[in-house]
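Biologist: I have the sequence and the model open. Can you walk me through some of it?

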Amino acid sequence: MTFGTRKRVAILGCTGSVGTQALDVCRQHADALEVVALSAHTDTARLVEAARTFKVHAVCVSAPEHAQDPQLQELPQGCERYAGLSGMTDLVTRDDIDIVLVAIVGAAGLMPSLAALKAGKRLALANKEALVIGGDLLMPLAADGMLLPVDSEHSALLQCLASGRRDEVHALWLTCSGGPFFGANAQDLAHVTPEQALAHPTWSMGSKISIDSATLMNKGLERIEAMHLFSCSVDDVRVLIQRQSKIHSMVEYIDGSVIAHLGASDMRIPIQYALSYPERWDTPVARVDFRTLGSLDFAAPDMQTFRCLALAEEAARAGGTAPCVLNAANEVAVQAFLDHACTFLDIATITERCLEEHEVETVASPEQLESVDAWARSRASFHLSQLS
């Protein structure tokens with residue numbers, strides 16, 4: 001793809017944590033980036049505010065029940081409106097878009113991601129679930145440099161991998177902070193509240209990903225994401241607790257050399273790299289002064305206490321449609337926990353039961369994945385209803 005004077009960007013999920021930071025990056029680099037399309041799920045007031053600020057050409061409201069909200073009458077003159085999941089898939093194929101940043105949460109990210117790649121757009125992917133569920137469908141469509149990860153860990157791995165050939169790689173070290181319950185045992189976790197689980201020690205994120213970080217499911221999903229992005233096995237992707245969240249991931253080569261990516265704990269850095277690639281632009285955040293950082297701490301994850309990480313590994317080994325079930329069941333259970341309808345430990349229990357009931361199939365089509373996703377959500381809801 002050859003870009004014009006400015007890269008024309010669509011941001012799906014512009015009112016969420018990643019979406020708002022992406023808008024900040026675009027604001028700081030207005031000479032290089034033009035925001036032309038936006039989507040939001042229900043927050044139409046903030047969608048309109050962003051659309052007016054950036055004078056976008058089109059917007060999508062993915063929640064159909066909000067597609068006629070009165071505030072949408074305040075959109076810029078001539079701004080086209082789309083609605084629903086089908087509207088997002090139509091939006092990303094527009095001729096006036098070069099880069100699609102998918103920052104929506106959950107399985108809903110798959111279809112727009114597929115549509116963007118099929119339309120020849122660069123996909124800046126902040127939705128790991130799309131690769132977890134449909135990596136077998138997405139990766140064959142991704143020409144070199146056309147799918148850029150926005151997760152800080154995978155952006156770090158991509159950059160560290162530039163130091164050698166893929167056949168020289170010994171292991172990918174995927175780092176994580178350990179979440180708010182690092183060092184806890186199962187008894188400690190039995191009575192934690194959503195408010196406690198949402199209190200991530202270093203990152204500011206949305207509620208779903210914050211709970212996934214607390215259970216370590218987020219790191220399990222990221223292992224599967226890395227397998228697709230970098231064509232490797234689950235055994236090649238090793239999880240490492242790095243409490244300060246300053247080492248974002250590392251690549252170990254066969255000669256014993258380890259290349260690490262360090263920097264501020266701020267998502268604007270990987271967002272910007274996905275938009276600027278293959279160039280580097282001036283930093284969007286304050287630099288880290290390593291003279292004052294102090295120590296860097298490391299530990300192995302506790303996969304017995306944090307069972308979601310182990311379940312994700314099982315799904316990765318099973319392959320096929322198993323990760324789809326893992327993701328769908330986890331989404332249902334996480335929402336139930338946030339709604340005080342189950343305990344923190346029930347998230348793993350519900351997910352495990354759904355995986356045990358599922359007969360794994362080879363991934364064949366988006367329609368198949370939609371069916372498996374619906375089945376898993378139904379089974380997860382059933383198991384939630386059976387909790388004593």
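Modeller: Start with G19, which lies in helix α1 (residues 17-28). Helices here are DSSP runs of H or I of at least four residues, strands are runs of E of at least two, and both are numbered from the N terminus. This is a predicted model, where local features need pLDDT of at least 70 and side-chain atom pairs count only at pLDDT 80 or more, while totals for chains, interfaces and linings use all residues. Residues are numbered from 1 along each chain as its sequence is written, and side-chain values use heavy atoms, with hydrogens and water left out.

Biologist: G19, buried or exposed?

Modeller: G19 counts as buried because its relative accessibility is 0%. Buried means under 20% relative accessible area, exposed over 50%, and partly exposed in between, with a 1.4 Å probe and protein chains only.

Biologist: What does G19 touch?

Modeller: Leaving out residues up to four places away in sequence, G19 touches I11, G13, C14 and A103. Contact means heavy atoms within 4.5 Å. As for A126, G19 is 107 residues from A126 in sequence and 9.2 Å from it in space, C-alpha to C-alpha.

Biologist: Switching to Q68. Where is Q68 found?

Modeller: In the loop between β3 (58-61) and β4 (80-83). Q68 is exposed, since its relative accessible area is 66%. Between Q68 and P284 there are 36 Å in space, C-alpha to C-alpha, and 216 residues in sequence.

Biologist: Now α9. How many residues of α9 are buried?

Modeller: Seven of the nine, so α9 is largely enclosed by the rest of the structure. The buried ones are K208, S210, I211, D212, S213, A214 and T215.

Biologist: What covers the buried residues of α9?

Modeller: The cover includes α5 (128-138), α8 (194-197), α10, α12 (307-318), α13 and α14 (346-357).

Biologist: At what angle do α9 and α10 pack?

Modeller: Helix α9 (residues 207-215) and helix α10 (residues 217-230) pack at about 95°, and their axes are 5 Å apart. That makes α9 roughly perpendicular to α10. Axes are lines fitted to C-alpha atoms, for helices over the stretch in contact, and angles run from 0 to 180 degrees between N-to-C directions. Under 35 degrees counts as roughly parallel, over 145 as roughly antiparallel, 65 to 115 as roughly perpendicular and the rest as oblique.

Biologist: Which residues meet there?

Modeller: From α9, K208, I209, D212, S213 and T215; from α10, M217, N218 and L221. The contact divides into three nonpolar, three polar and two charged residues. Ala, Val, Leu, Ile, Met, Phe, Trp, Tyr, Cys and Pro count as nonpolar, Asp, Glu, Lys and Arg as charged, and the others, Gly among them, as polar.

Biologist: What follows α9?

Modeller: L216, with a positive phi near 70°.

Biologist: And the core. How many residues are in the largest nonpolar core?

Modeller: There are 88 residues in it, and F337 and F344 are among those with the most contacts inside it. Its largest share, 12 residues, comes from helix α13 (residues 322-338). Another core, of 36 residues, lies apart from it and includes C26, L38, L101 and A274. A nonpolar core is a set of buried Ala, Val, Leu, Ile, Met, Phe, Trp, Tyr and Cys residues joined through side-chain atoms within 4.5 Å.
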